[in-house]
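Okay, thanks for coming, everyone. I'd like to walk you through one structure today, so let me put it up on the screen.

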Amino acid sequence: MPQQQSKLVIIYLSSLHSLGTMNNSGISTVTQFVLLGFPGPWKMQIILFSMILLVYILTLTGNVAIICAVRWDHRLHTPMYMLLANFSFLEIWYVTCTVPNMLVNFLSKTKTISFSGCFTQFYFFFSLGTTECFFLCVMAYDRYLAICHPLHYPSIMTAQLCGILVSLCWLIGFLGYVIPIFFISQLPFCGPNIIDHFLCDVDPLMALSCAPTPIIEHIFHSMSSLIIILTFLYILGSYILVLRAVLQVPSSARQRKAFSTCGSHLVVVSLFYGTIMVMYVSPPSGNSVVMHKIITLLYSMVTPVLNPLIYSLRNKDMKYALYHVFCRIRIIQSS
């Protein structure tokens with residue numbers, strides 16, 4: 001216990017030292033933030049570091065394997081698998097924008113992040129999360145066409161349309177939050193600079209602003225809620241139509257195949273949307289700070305590591321392609 005208190009004292013003193021410089025009005029401005037993460041004894045920090053590092057390695061390995069499988073196996077050069085490869089690429093960057101800094105903080109005494117680094121992480125975290133919402137919509141649309149309109153699917157979901165949809169997901173995702181996050185970064189931050197989280201999120205940052213900002217906060221939360229709710233309703237509607245079409249298929253084998261393909265997608269959707277709705281759509285509740293951190297871990301780390309497991313282990317073509325990927329890697333290593 002004394003050791004933990006001494007570490008918190010060190011963090012507090014370093015935060016006072018790193019509050020920043022004086023502006024023209026004589027008010028100190030923040031140049032660094034302190035991310036508390038998961039405070040605890042050193043042994044607990046090592047355990048958490050090891051667990052999150054393992055999850056991060058599994059996430060990178062699984063998603064890179066999917067990208068390589070789609071790239072090297074010509075049978076997977078179809079819209080469904082091209083979307084999956086792009087989704088895996090997205091998941092790699094989604095975890096990379098937060099996990100490496102979190103791992104460093106587990107072993108750091110000061111746990112600081114620069115002002116620009118904090119807002120860069122904030123921007124990429126929300127932009128990549130928004131892009132994931134749109135990717136899940138496009139993947140639901142792809143499955144809707146494949147199951148509800150199988151005869152027209154090849155003529156509608158062409159490689160050109162798939163490329164356009166993928167580009168729009170990335171473009172809208174990365175342009176949507178540029179202006180709101182820019183205005184938040186221009187708010188006065190004059191201390192304290194301690195964020196009781198493991199990443200730079202909107203609510204902890206807004207709480208540290210020296211000036212009241214109800215309009216910016218309302219706009220940001222309205223945008224987030226609108227994107228989350230609309231994309232979720234679209235995905236839900238798509239799968240209701242898919243379910244209705246599947247139940248009308250007389251072949252039980254085709255029904256099982258359709259349910260297997262769509263069921264894996266729905267697992268990812270349910271976990272991702274269930275957690276982000278608790279954080280950004282539902283009204284503020286009495287949940288503790290620790291609970292908010294755990295919920296954030298679920299959609300920012302657990303979903304990306306489950307993605308390759310769900311999509312590869314339930315798909316024969318993907319399992320076959322992954323087998324050849326690992327065989328090729330083994331041959332390269334042996335030579």
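Let's start with a helix pair: helix 2, residues 42-72, packs against helix 3 at an angle of about 155°, and their axes are 9 Å apart. Keep in mind as we go that this is a predicted model. Now, that angle is over 145 degrees, which means helix 2 counts as roughly antiparallel to helix 3. The crossing of helix 2 past helix 3 is left-handed. If you want to find the contact, look on the helix 2 side for residues including Tyr 56, Leu 60, Asn 63, Ile 67 and Val 70. On the helix 3 side, the residues they meet include Tyr 81, Met 82, Ala 85, Phe 89, Ile 92 and Thr 96.

Helix 3, residues 79-96, has another partner, and that's helix 7, residues 159-175. Here the axes come within 10 Å and cross at roughly 20°. An angle like that is under 35 degrees, so helix 3 is roughly parallel to helix 7. Helix 3 passes helix 7 in a right-handed crossing. Who's touching whom? From helix 3 we have Pro 79, Met 82, Leu 83, Asn 86, Phe 89 and Leu 90, and they meet Cys 162, Val 166 and Trp 170 of helix 7. Notice Met 82 and Phe 89: they turn up in the contact with helix 2, and here they are again facing helix 7.

Next, helix 8, residues 178-185. Which residues are buried there? Pro 180, Ile 181, Ile 184 and Ser 185 are. They sit on the same side of helix 8, because they cover an arc of only 135° around the axis.

Lys 111 isn't a glycine, yet its phi is positive, about 60°. You'll find Lys 111 in the loop between helix 4 (99-107) and strand 4 (112-114). Is Lys 111 buried or exposed? Buried, since its relative accessible area is 8%, and the cut-off for that is under 20%.

Finally, the whole chain. It has 13 helices and five strands, and of its 335 residues, 44% are buried. Taking contacts between residues at least 6 apart in sequence, 78% join residues at least 24 apart. The accessible surface is about 17200 Å², with 71% of that belonging to carbon and sulfur atoms.

Key
Residues numbered from 1 in each chain as written. Predicted model: local features only at pLDDT ≥ 70, side-chain atom pairs only at ≥ 80, totals over all residues. Heavy atoms only, no water. Buried < 20%, exposed > 50% of the residue type's maximum accessible area, 1.4 Å probe, protein only. Helix = DSSP H or I, 4+ residues; strand = E, 2+ residues; numbered from the N terminus. Arc of directions from axis to C-beta. Contact = heavy atoms within 4.5 Å. Areas by Shrake-Rupley, 256 points an atom, 1.4 Å probe, with all protein chains shown as cover. Axes fitted to C-alpha atoms, helices over the stretch in contact; angles between N-to-C directions. Parallel < 35°, antiparallel > 145°, perpendicular 65-115°, else oblique. Left-handed = near helix turned anticlockwise from the far one by under 90°.
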